[in-house]
Amino acid sequence: MTAPPHILLSVRDLSVSFTTKRGPVRAVDSLSFDVHRGRTLGIVGESGSGKSVTSMAVLGLHTGAEITGSIRLDGQELVGRREREWSRLRGRRVAMIFQDPLSSLHPYYTVGEQIAEHHRVHFRSRRSVARRRAVEMLAEVGIPEPERRAGEYPHQFSGGMRQRVMIAMALACEPELLIADEPTTALDVTVQAQILELIARLQEERGLAVVMITHDLGVVARVAHDVLVMYGGRAAELAPVDALFASPAHPYTRGLLDSLPRLDDADDAPLRVIPGSPPSLLAPAPGCAFAPRCARAAGASPSERLRCATERPLLTGPAGHPAACHFPADEGVTS
Ligand code: ADP
Ligand code: MG
């Protein structure tokens, strides 16, 4: 079965396990999702839910982890590829930006040199061509005086401008897929909004497929077309963004939505959080990983509760909006 042409990245039954001193950790468990050309998939979940491990797997950046399942880019299987093949892909067809741009930028080279070098490695372009491309890219991501700023070092840029530099570098080789892992988490709210706007604009202009990883549903609301909610390394819910906000099926998603600040909140209103802590990945519960924290399970009958505690829910339900819950929201979810 070949993927329809609009699906660029197709992940099926992806599991990623690490061997640790305390035992095996299954950070990602049987995860499946698609990323479409020209669309943004938001992956949202609390810290530790497996978002970064998933994105690293898509880039082939795990060494020593056991990876099973399938990751197809444009129909080509990536799981099991050799490092040399991955490195040809990374930065070229798939690019990534992180929360902390400084960790990906070398302090001793100017940003222009670094973007140009990245271009030269992948396109074997002449020095002058790569250099021009670097300045063009800096201009495209909204850095004023790009010619001059190309000659500056990373520490001379503010946090927001540095993230723009990273985006310029990521897009210099015209990738088809951009993975952004919490790219705005370290930025203040105004700058965060500007960077999200920039990513959304570039995504649309270039017809990019984007994976936006975040712990913040507010970020998802701004840029995502589709949303994957992750909990404990598994998919909790998958939906178009409007459907997710209008009729969340999974109690965990409802909890995340309830914890979003609202416009009518008083300034001193307490921050709402989902009570309890994330599940253990070392000794996963046999049933639903969210059951111990689940408001729906808490109000359920004894037999229902037993089911949540012992039987792992599969991601099922309406084709466009499945959820991994034995008792998904009854109203609003059209089948
Ligand atoms: P997040 O959703 O916050 O990005 P991560 O994907 O970084 O979460 O991590 C998911 C889980 O996998 C965490 O419990 C983390 O401790 C664990 N993990 C990540 N990398 C490793 C590793 N190299 N070895 C062992 N455990 C890891
Ligand atoms: Mg992370």
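**Entry 1: helix H3.** I began with what covers the buried residues of H3, and the cover includes helix H4 (127-140), helix H5 (146-149) and helix H6 (159-171). Helices here are DSSP runs of H or I with at least four residues, strands are runs of E with at least two, and both are numbered from the N terminus. The buried residues of H3 are Val111, Gly112, Gln114, Ile115, Ala116, His118 and His119. I take buried as under 20% relative accessible area, exposed as over 50%, and partly exposed as in between (1.4 Å probe, protein chains only). Just after H3, I found Arg124 with a positive phi of about 50°.

**A note on the source.** This is a predicted model, in which local features need pLDDT of at least 70 and side-chain atom pairs count only at pLDDT 80 or more, while totals for chains, interfaces and linings use all residues. Residues are numbered from 1 along each chain as its sequence is written, chains are lettered from A and ligands numbered from 1 in the order in which they are written, and side-chain values use heavy atoms, leaving out hydrogens and water.

**Entry 2: Asp181.** I found Asp181 in strand S7 (residues 177-181). Asp181 is buried yet has no salt bridge, and the nearest side chain of opposite charge, Lys51, is 6.6 Å away. A salt bridge needs a side-chain nitrogen of Lys or Arg within 4 Å of a carboxyl oxygen of Asp or Glu; for charge, Lys and Arg count as positive, Asp and Glu as negative, and His and the chain ends are not counted. What I did find is a 2.6 Å polar contact between the side chains of Asp181 and Ser52.

**Entry 3: salt bridges.** How many salt bridges does the structure hold? I have 24 in my notes. One of them joins the side chains of Asp74 and Arg37 (3.2 Å, N to O). The pair links distant parts of the chain, with Asp74 in the loop between strand S4 (66-73) and strand S5 (76-77), and Arg37 in the loop between strand S2 (23-36) and strand S3 (40-44). Arg131 is partly exposed at 37% relative accessible area, and Glu147 is exposed at 53%. I also noted a network of salt bridges linking Arg133, Glu136, Glu140, Glu174 and Arg206.

Definitions and conventions
Contact means heavy atoms within 4.5 Å. A polar contact is a pair of N or O atoms within 3.5 Å; within protein, one must be able to donate a hydrogen and the other to accept it, and residues adjacent in sequence count only if both atoms are side-chain atoms.
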